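Keep the structure open beside the text.

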Amino acid sequence: MALILGIESTCDETAAAVVEDGRRVLSSVISSQVELHAKYRGVVPEIASRAHIESILPVVHDALQQAGTALPQLDAIAVTHRPGLIGSLLIGVTAGKTLAWAADKPLIGVDHVQAHLYSVLLDSDVQPAFPAVGLAISGGHTALYSLKSFSDVQMIGATIDDAIGEAYDKVAFILGLGYPGGPTIDRLAREGNPQAVRFPRSTLSRGSLDFSFSGLKTSVLYHVRGHKGQQRSVKELSPDQIADVAASFQAACVDVVITKLKRAIIQTGARSVIIGGGVSANAGLRLAAQSLPVPSFFPKAQYCTDNAAMAGGLAYLHFQRNDFSSLSLDAITHSQFTRPSRAEKSSAIV
Ligand code: KG4
Ligand code: ZN
C-alpha cells in the first residue's frame, strides 16, 4: 500500500490531498481564490501567488488530518511542478520540496495536464482501453493527446488561440454573468434553445486536430452588442434570449470538440476517450460524448477542476517505477507534453 500526499498550486487553487494506491482519495482539500480574482474577470498572477503562500500549509495540514494520517506515515510527496503560472508553481514546489526534505520522504514532480487526464481513475475502478485519445479542456488548456498508457502521452493537437474554458469565461462576461462562467453557461444552456443562433464552428483544415475558439467568442460579442454603429447593451436581452445565446454557444463548442474527438479516434485507432480538466464537468459535452464510436471516461465532478488528488494519484505511477525527483525539482511554465517539433516529426517519418 502506498500513501501519497499530493500538492497543487499551478493557478488559482491551493490544494492538497492524500491518495492511497493511486485511486482511493482519503482527503482532498481545495482553497479557492475565485472571489479574489472575480472582479478582474480572470486570474491575476501576483494575487494568486500571495494567496498560495497564505493557504499552502493550512491546506496540507487539513488534508493530512482529514485522511487520518501524518507526514511520517506517507510513502511519498507529490507536487504538480508544470505547467502553470510561475509564481503560483513556485509556492507548491517549494512546499513539496521542503516537506519531503524535512520528513525524509521521496519527492515526485508531476505534470498538471497529465494529472487532469489521470483524474478519471480517482475513486473509481474503471480501466480505459488503450490506445486512447486524451482531451484536456480547462481555462488554460485545450489539447488532444494520443495515449498508449497514462504514462505514455503524446500531444496531437492544441488550440491555436483561446482555451475553451477561457472562451466560456469571456462569453459569460459578454452575457453579464459571473466568473468563472463555465458552470453558469452550462446551467443556462439547459433552459435555452441550442438552435436559436447559428454560431460558427471552426474546425480548421480537413483532418486538423487543432482548435480555435476566438472567432466563436467574437461572433457571440457581435451578436449581443451588434456590429459597429449599433452598440446594443446586453441589458436589452431578455433572460430567455440570454439562455438561447448560452445554449447556442455551448452547442457550437460541443460540436467542435466532438468533431475533433471523432477525427482523433480515426487517426490514432483509439479504443477509448479520456477527458479531463474544468470543462470536462460540462453536462452538454458529457451527453454528446455518448455518440462517440468508443467509450468515453470523465472524472467525478469534484476532480474535474483543479485539485491535488489528481497529483497524488498520478504520482503512484511514478512511485511504482521508482521515478523520483531530486530536491532541485524546478517549476516549469509549459507542459512536458508538447507537440513534436518539425525535426522530430520528419525523423519519425524516415
Ligand atoms: O481545470 P480548471 O479548474 O483550471 C485550469 O487548469 O484552467 O478549469 C477551470 C475552467 C474555467 O474556465 C471554468 O469556466 C471551466 O473550467 N468550467 C466549465 C464548467 N465547469 C468549469 N466550463 C464549461 N462547463 C462547465 N460545467
Ligand atoms: Zn487545470
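Helix 2 and helix 3 cross in a right-handed sense. A crossing is right-handed if the near helix is turned clockwise from the far one by less than a right angle, and left-handed if anticlockwise. The contact draws on Ala 48, Ser 49, His 52, Ile 53, Ile 56 and Val 60 of helix 2. From helix 3 come Gly 87, Ser 88, Ile 91, Gly 92, Ala 95 and Leu 99. Contact means heavy atoms within 4.5 Å. By class, this contact holds seven nonpolar, five polar and no charged residues. Here Ala, Val, Leu, Ile, Met, Phe, Trp, Tyr, Cys and Pro count as nonpolar, Asp, Glu, Lys and Arg as charged, and the others, Gly among them, as polar.

This is a predicted model, in which local features need pLDDT of at least 70, side-chain atom pairs count only at pLDDT 80 or more, and totals for chains, interfaces and linings use all residues. Residues are numbered from 1 along each chain as its sequence is written, chains are lettered from A and ligands numbered from 1 in written order, and side-chain values use heavy atoms, leaving out hydrogens and water.

Now the geometry. Two packed helices are described by the angle between their axes and the distance between the axes. Helix 2 (residues 45–66) packs on helix 3 (residues 86–103) at about 30 degrees, with axes 8 Å apart. Axes are lines fitted to C-alpha atoms, for helices over the stretch in contact, and angles run from 0 to 180 degrees between N-to-C directions. The two helices are therefore roughly parallel (under 35 degrees; over 145 is roughly antiparallel). Helices (H or I, at least four residues) and strands (E, at least two) are DSSP runs, numbered from the N terminus.

A second pair follows. Helix 7 (residues 214–225) meets helix 8 (residues 239–268) at about 160 degrees, with axes 11 Å apart. That angle makes helix 7 roughly antiparallel to helix 8. Their crossing is right-handed. Leu 216, Val 220, His 223 and Val 224 of helix 7 touch Val 245, Phe 249, Ala 252 and Cys 253 of helix 8. Seven of these residues are nonpolar, one is polar and none is charged.

Next, the backbone. Most residues other than glycine have a negative phi, and most peptide bonds are trans. Arg 41 has a positive phi of about 60 degrees. Arg 41 sits in the loop between helix 1 (34–38) and helix 2. The bond from Arg 82 to Pro 83 is cis, with omega near -20 degrees. Tyr 179 and Pro 180 are also joined by a cis bond, with omega about -10 degrees.

Last, ligand 1. Of the 20 residues around ligand 1 (a heavy atom within 4 Å), Gly 139, Asp 169, Asp 186, Asn 282 and Asp 306 come nearest. A backbone N or O atom of Gly 140 lies 3.0 Å from a ligand oxygen atom.

Notes. Parallel < 35°, antiparallel > 145°, perpendicular 65-115°, else oblique. Polar contact = N/O pair within 3.5 Å; in protein donor to acceptor, adjacent residues only side chain to side chain.
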